[in-house]
Every structure is written in C-alpha cells, then in structure tokens.
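Take a walk through this structure.

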Amino acid sequence: MTTAADASTMLNPVTLFMQADIVVQVIMVGLAVASLWSWAVIIDKAVRFATLNSQATAFEKAVGSGRPLEEIASQAGPDPVHPLPRMLVIALSDWREARTRGPLTEGQGNMLMARIDRALDSLIAREGQRVEAGLGVLSVVATSSPFIGLFGTVWGIMNAFGAIAAAQNTNLATVAPAISEALFATALGLAAAIPAYMAYNKFSIDAGKFTGRLESFADDLQAAVARRLGGPASPSPQTSADYSRREL
C-alpha cells in the first residue's frame, strides 16, 4: 500500500517529471514551453491594448475639445505612431494638397474622397493585422495542448499496463506512479490551453472593437471632407465636440 509520504511525493511535479517516461517528459517540456509562450503573448497583448485604447481616448478628447484639427495634427507630428492621429494627418495632407491647386470641381472632389478612402482603408487593414498579431499562437496552444496532453496520458497508461504485466500484480501501488505521470501530462495540457483559449477570445473581441473604432473615426474624417467640399473654403480647419458635426 502507498504510504501518506509516498502519496505526497507522487503529487510533486518535479518528482512526476523525473520519474516519467522520456516520451512523457518531452510532452511535458513542450507543454510548459507552449504555456510560457502563450503567457508572453497574453501579457504583451494586454499591455498593447491598454496603451492603444488609452492613447485613442486621449486623442479623441483632443479632437472633441474644439481645437483646430490642423493644430492637433501638427502636435502629433508628421508620422504619428498611433493610427488615429496618423489617419488625421493623412486626411489633412490630402486635403491641403488638393486645395493648393485651387477650387475643386465635382470630379476632383470625388477623386479626393476616393483617395482618402483608399488611404484610410489601407491603414485600417494594416493596423488590424498588427493588433491581431500573436493571436494565432494563442489559438494553436488552446486547440492543440489538450490533445498533446492526452497523448502523454495515453502513453503513460500504456506504461502502467506494462508495469502490471511485468510485475504480474494488479495492486494500485504498482501502477499508481505511471498513472500519476499520465494524468500530470493531461493537467499540463489543460493548464496551457485554458488561459490561451480565454485570452484568445478576449483579445479577438478587443481587436474587433479597436478596428471598429478606427473605422468610425475614418467615417468621421470622410464626412468632414465631404462637408468641406460642399461648403465655402476655410483657411483654418475647426472641430466641434460632436464627431458627427466635425469639419476639416
């Protein structure tokens, strides 16, 4: 019979790893690496989304404060890192370039709108790919880890049956170590898969929300350009607190 001390030893992860078959050891190491990799992605994504959303909120407050958009774009610099000010810089740059050629005809105005639309769509597509980078790792870990752990479990149980045959003894103490190792592989698979699965779903939703935020801002910019094309020229772009009434 297995003593209490032996039972506590069998629950020691290091002991389980050292006593495991080489195949099960390889599986355990692989699952541990996958778990660490997924946690690195989780931490990176959590920090990135928090930073992106906080910067977006600050920029939206600046745009809605009533300050001229030219001033906000100038403050952001010629090549902003965050996509929202970069979208504003692109729209204002195209607008200024078109206005330097004099009053725009209807066809020229349509061409300007199409050019801005393509530029903003391209930027949104690139940013969408950027914020989704790394989610594939979480998806792979979440879907494959349980099956890899299950393979380790099956292999460990096969060893347990081998121990039974060799000892010609069906006593639980004979097979308990091998079964513990097998179940430990399953536990590692679940430990790697569950956080990766939860994080993948959360960050997929966050990525969709952020992309939608960019698309909404792009729609606002295009609407502002369209209103400006239909109204009198203004040397100094202004903005209102309401996005839907914002003008370039």
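Start at Thr-153, which touches Ala-182, Leu-183, Ala-185 and Thr-186, leaving aside residues up to four places away in sequence. Contact means heavy atoms within 4.5 Å. Thr-153 lies in helix 7; helices are DSSP runs of H or I with at least four residues, numbered from the N terminus. Thr-153 is buried, because its relative accessible area is 8% (buried is under 20%, exposed over 50%, partly exposed in between, with a 1.4 Å probe and protein chains only).

This is a predicted model: local features need pLDDT of at least 70, side-chain atom pairs count only at pLDDT 80 or more, and totals for chains, interfaces and linings use all residues. Residues are numbered from 1 along each chain as its sequence is written, and side-chain values use heavy atoms, without hydrogens and water.

The largest nonpolar core has 43 residues (a core is a set of buried Ala, Val, Leu, Ile, Met, Phe, Trp, Tyr and Cys residues joined through side-chain atoms within 4.5 Å). Met-87, Leu-88, Leu-138 and Phe-217 have the most contacts inside this core. Helix 8 gives the largest share, 11 residues. Leu-138 touches residues including Ser-38, Val-41, Ala-196 and Phe-203, not counting residues up to four places away in sequence. A second, separate core has six residues, among them Leu-16, Met-28, Phe-184 and Ala-185.

Last, the surface. Where is Met-158 placed? Met-158 is in helix 7, residues 135-167. Met-158 counts as partly exposed because its relative accessibility is 48%.

Terms used. Helices (H or I, at least four residues) and strands (E, at least two) are DSSP runs, numbered from the N terminus.
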